[in-house]
Amino acid sequence: MKITWDSGDSWFDRSYAVENSDGENIREFQDQPTLDELRKIERQHGEATERLDLWQSGLLCTSCNTEINDRFAATTKGDLCCWDCAMDRESTDQQGITINTDPTKSVMSESQLHKKSLCDHVINVATGCRHGCEFCYVPTTPAIDNRKEMLAEQANIDDPQADWGKYLLYRDDLPERLARVLKKRDPEARKQTRRGRGIVMLSSGTDCYQDRRTAQISRGVIIELIKHGIPVRVLTRSPAVARDVDLFQKAGERIAVGSSIPSFEAPLVRAIEPGAPSPMTRWGALDDLQQEGIPVYVSMSPTYPLMDEDDFHELLSYFRALGEIVVFHEPINPRGSNFQQCLEAVEKAGYDDVATEFRKMRDNHQYWVEYAIEQIRTVQRVATRFDGLEVHSWPDNQLIRTTSGQLRSRLRDMQQAVSPESFSGHTPEKSPAQSAIELKTGSTYD
Ligand code: SF4
Ligand SMILES: [Zn+2]
């Protein structure tokens, strides 16, 4: 699949066509197509793993008419622009979100998420996130905290943490850049840890299917990863992920697609994750995918205080209904200023009982320790009612440090376990299965 072009009266007066691999025209354009039109053709007319490469295809910057031969971006209307024009452009507002281009050079970064048995590398398709979850740790990380100047320049953001959820800077040319990087590098030479298994995750710092533009970038990125045989983990709260089922099918067991579903209590989830689709919609997308044979997982994180055995039974029943599934679990952690935002959000939504629990956790470390251990224990116990359901718990380092003796070593084993996902050929090395790590009711913190 490729773009061809002809010039008319002047050098920059061009008509375009998109050809399939047999050299037949799929679409013709009298004027230059938008980025959205090109990415749509790629998805609707190509083979699942085919991608239209936009570099050196005769496309022109709609502002200055120079050819797009390397980095590019697009306006909110989808008009392509060269890198210089993109960097000079003012941000625009779209439904209360400030939109612009992310100037980062980074393509794929090494990640510490192998500690949660999620991945060794992450690719973020944008900076910022429309969902604006109150507990989100991303704005406190260097990816945001060290880029205050850039965010002030590109999005007029004074306080990236307080304004989290109100800005989104896209990385439109990421598929083109990743293709060049992977061509040069031996995929096997990448870091591959025991728990991360060389997996590349989209995305840890944003939601990679939060809107059409991020979904288009994500599709291009996943195509490139699959073509190079790299295992991929997709994590999103957006049901739009189901649109790429054709692509995921091509990846076979080298992909896992998951969503965060901490609770089915929609008003509570809406208070804490104000911009994200409802938990049942997320479940519905996973259901659609698993029915098409795609390996799916759920991140039951972060779970809230006052959730009891019945709540977890209901959640795990729904997850079990998704067939072969891995569930990751983590209780909420009262660290950082974002916890205060969670507290205020639940209070505003009228969840005074949850707010009271949050306050107790914030003010009394031991109270949090007891809550977190009790929740991990409850979830593991409830999981045993569902034959073969694996819950991979994430006990926090703080939690482990606070405990001692047998409990400490059980929590440590849980933390060191490899998630029971195969990623085809990346079968986990023998490590203690989480379900075998029994946390007996009534045991003391010895
Ligand atoms: S969806 Fe993920 S990245 Fe986006 S705000 Fe929520 S937790 Fe943060
Ligand atoms: Zn230009």
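**A loop residue and its setting**

Tutor: Asparagine 156 counts as partly exposed because it has 14 C-beta neighbours inside 10 Å. By this convention a residue is buried if 20 or more other C-beta atoms lie within 10 Å of its own, exposed if 12 or fewer, and partly exposed in between, with C-beta atoms placed from the backbone. This is a predicted model, in which local features need pLDDT of at least 70 and side-chain atom pairs count only at pLDDT 80 or more, whereas totals for chains, interfaces and linings use all residues. Residues are numbered from 1 along each chain as its sequence is written, while chains are lettered from A and ligands numbered from 1 in the order in which they are written.

The loop that holds asparagine 156 runs between helix H4 (148-155) and strand E11 (167-170). Helices (H or I, at least four residues) and strands (E, at least two) are DSSP runs, numbered from the N terminus. The backbone of asparagine 156 has a phi near 55°, a positive value in a residue other than glycine.

Leucine 306 also has a positive phi, of about 75°, although it is not a glycine. Leucine 306 lies in the loop between E15 and helix H10 (309-320) and is partly exposed, with 13 C-beta neighbours inside 10 Å.

Strand E15 (residues 296-303) contains proline 302, which a cis peptide bond joins to serine 301, with omega about -10°. A cis peptide bond also joins leucine 202 and serine 203, where omega is about -20°. Serine 203 belongs to the loop between strand E12 (200-202) and helix H6 (212-227).

Both E12 and E15 take part in an open sheet of eight strands, ordered E8-E9-E12-E13-E14-E15-E16-E17, with mixed pairing. Strand E8 (109-110) and strand E17 (390-393) each have a single partner strand, so one side of each is left without a neighbour in the sheet. Two strands pair if DSSP finds at least two bridges between them. Strand E13 (residues 232-235) runs parallel to E14, and four bridges join the two; valine 234 stands opposite valine 257 in E14.

Serine 263 is placed in the loop between strand E14 (255-260) and helix H8 (266-272). Serine 263 is partly exposed, with 18 C-beta neighbours inside 10 Å. Neighbours within four places in sequence aside, its contacts (C-beta atoms, placed from the backbone, within 7 Å) include Thr303, Tyr304 and Met307.

Of the 446 residues, 44% count as buried.

Technical notes
Two residues are in contact if their C-beta atoms, placed from the backbone, lie within 7 Å.
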